[in-house]
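Biologist: I'd like to go through this structure and ask how you know what you say about it. Can you show it to me?

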Amino acid sequence: SSAATLTINNPFSITKQPTDIVTCDSSNGSTFITVSGASITYQWQESRNNNVSWHNLTNGSPYFNVTTNTVTVSAVDTMDGYHYRCIVNGSCSSAVTSDDINLSVNPTGTWIGGTDTAWSNSANWCGGVPPKNSNVFIPRDAKNMPATNYDIVTNNLTIDSFANVTQVNTITVNGALNLTGNLMIASDTLILNGTINLNGGAITGSSSSNLVIGGGDTVESSLPLPSVSVNYLNIDRLNGTTMTGDITVTGKLVLNSGQLTVGANTLTLDSAVSGTVSNLVTSSKSSLSLGGTSGYNIPSSVDTLSTLSVNNTSGTGVTLGSNVKINTQVAFSSGKIFLSTHSMKLQDSATISGYDSTKYFVANNTSSSSAGSLKLILKNNNTLQEYPVGTPNLYSPAKISVSSGGTTDTFSIR
């Protein structure tokens, strides 16, 4: 008899699973599977209900090459969240089902960053560079993160977690600023005319950054302002701004319209407040830290604080604008506090630290009822309490104690 050839085929196997498809609205996306073996056939399937049911794809828009190892999808936004898998058949083995994958369809205005970091490069965007007042989304998985290279105006600006935007020019957000990632203001201006939603994200500023809280009288809600350090802060919103973290302003704080409510946070200023200064609002949990090289008048609206810190190197120091109660501490680093015609009262257990012959309270040194005074609560325990007071040019502290047989009371030094 004639010789025969025996062919032995190994069972086929999937050597590379398909990966998720990420594409833009009205654009094509594809994925592929790699299989080793003989007589391989492919059938791609789709699920529109989160893997509850599956059906075979057929060639024709929006699907192409559905019986090959590479399937192409002409995606639209309504397909976002669809799932796909491939049924593979071949010699010497039963059909095998691949891993299922997800289709993500990014809307117009989504940053891809496929070319470089330039905001103005249309190749970096779904649908080209977003026009003025459109919605913009910066995802976490972009190849390059954007840096602005001209002034930007958006409606909503959303920055995903682990994503970031480096601001080199002015950004104006007229809608919502949604942050799970970071917005770095750098050396320019961020204008917020709408709302802000912080979900683990942050605004990062510096001594050369400017921040404007706008909206005038057209925005009905107060804006929660997260922790940030800036050169210039302007509040121009009728319903005001409430601090949700510590704020440092190394240049100028301008209160045009609406209150700036400090809350249980620290506001650090290196120059005097301008505009409607009475719009600065504090409470018994608020702290002020006043530095800089020029004199500072505390607004009359500030009548209670947790902590007042003074690091002012001007000769005129810090001057009270009203009677002030201190709940926790007055801390001197540099400069004097001028009481003027007002009183500063330290509540029970509040302390004074850092004072010496160059850093103290300046009283009027008169017996007049209108003279400024430092008020401390003295307990009847024979403990000598020092009042760090003096005139502008002479430190002349007083020391008082109350005997154990006396009465705990508030004592004033003028």
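**Why is it called that?**

Modeller: Let's start with a loop: Ala 186 lies in the loop between β17 (182-184) and β18 (189-192). Keep in mind that this is a predicted model.

Biologist: What is the phi of Ala 186?

Modeller: Ala 186 has a positive phi of about 60 degrees, although it is not a glycine. Most residues other than glycine have a negative phi.

Biologist: And why is Ala 186 called partly exposed?

Modeller: Its relative accessibility is 29%. Buried would need under 20% and exposed over 50%, so Ala 186 counts as partly exposed.

Biologist: Where is Ser 340 found, and what is its phi?

Modeller: Ser 340 is found in the loop between β35 (337-338) and β36 (343-346). Ser 340 has a positive phi of about 55 degrees and is not a glycine. At 28% relative accessibility, Ser 340 counts as partly exposed.

Biologist: What makes the bond between Ser 61 and Pro 62 worth a mention?

Modeller: The peptide bond joining Ser 61 and Pro 62 is cis, with omega at about 15 degrees. Most peptide bonds are trans. Pro 62 sits in the loop between β6 (55-56) and β7 (63-64).

Biologist: How do you know that Cys 24 and Cys 126 form a disulfide?

Modeller: Their sulfur atoms are 1.8 Å apart, and the cut-off is within 2.5 Å, so the pair counts as a disulfide. The structure holds one disulfide.

Biologist: Why is the disulfide called left-handed?

Modeller: The torsion about the S-S bond of Cys 24 and Cys 126 is about -75 degrees, so the disulfide is left-handed.

Biologist: Are Cys 24 and Cys 126 buried or exposed?

Modeller: Cys 24 has 11% relative accessibility and Cys 126 has a relative accessible area of 1%. Buried means under 20%, so Cys 24 is buried and Cys 126 is buried. Cys 86, at 0%, counts as buried too.

Biologist: On to the rings. How many aromatic pairs are there?

Modeller: The count comes to five aromatic pairs. One of them is formed by Trp 111 and Trp 125, and this pair is edge-to-face.

Biologist: What makes the pair of Trp 111 and Trp 125 edge-to-face?

Modeller: Their centres are 5.0 Å apart, with 80 degrees between the planes. Trp 111 and Trp 125 are buried.

Biologist: What about Tyr 360 and Tyr 395: why is that pair called tilted?

Modeller: Tyr 360 and Tyr 395 are 4.9 Å centre to centre, with 35 degrees between the planes. Stacked needs under 30 degrees and edge-to-face over 60, so this pair is tilted. Tyr 360 is in the loop between β37 (351-353) and β38 (361-362), and Tyr 395 is in strand β42 (residues 394-395), 35 residues apart. Tyr 360 is buried, with a relative accessible area of 1%.

Biologist: Which residues do ring pairs link into a cluster?

Modeller: Trp 111, Trp 119 and Trp 125.

Biologist: Strand β42 has come up. What order do the strands have in the open sheet of six?

Modeller: The order is β31-β33-β35-β38-β41-β42, and the pairing is mixed.

Biologist: Why do β31 and β42 stand at the edges?

Modeller: β31 (296-297) and β42 each have a single partner strand, so one side of each is left without a neighbour in the sheet.

Biologist: How do you know that β31 pairs with β33?

Modeller: Two bridges join β31 to strand β33 (residues 318-319), and pairing needs at least two, so β31 and β33 pair. They run parallel, and Tyr 296 stands opposite Val 318 in β33.

How values were computed
Residues are numbered from 1 along each chain as its sequence is written. This is a predicted model: local features need pLDDT of at least 70, side-chain atom pairs count only at pLDDT 80 or more; totals for chains, interfaces and linings use all residues. Side-chain values use heavy atoms; hydrogens and water are left out. Rings of Phe, Tyr and Trp (its six-membered ring) pair if their centres lie within 6.5 Å; planes under 30 degrees apart count as stacked, over 60 as edge-to-face and the rest as tilted. Buried means under 20% relative accessible area, exposed over 50%, partly exposed in between (1.4 Å probe, protein chains only). Helices (H or I, at least four residues) and strands (E, at least two) are DSSP runs, numbered from the N terminus.
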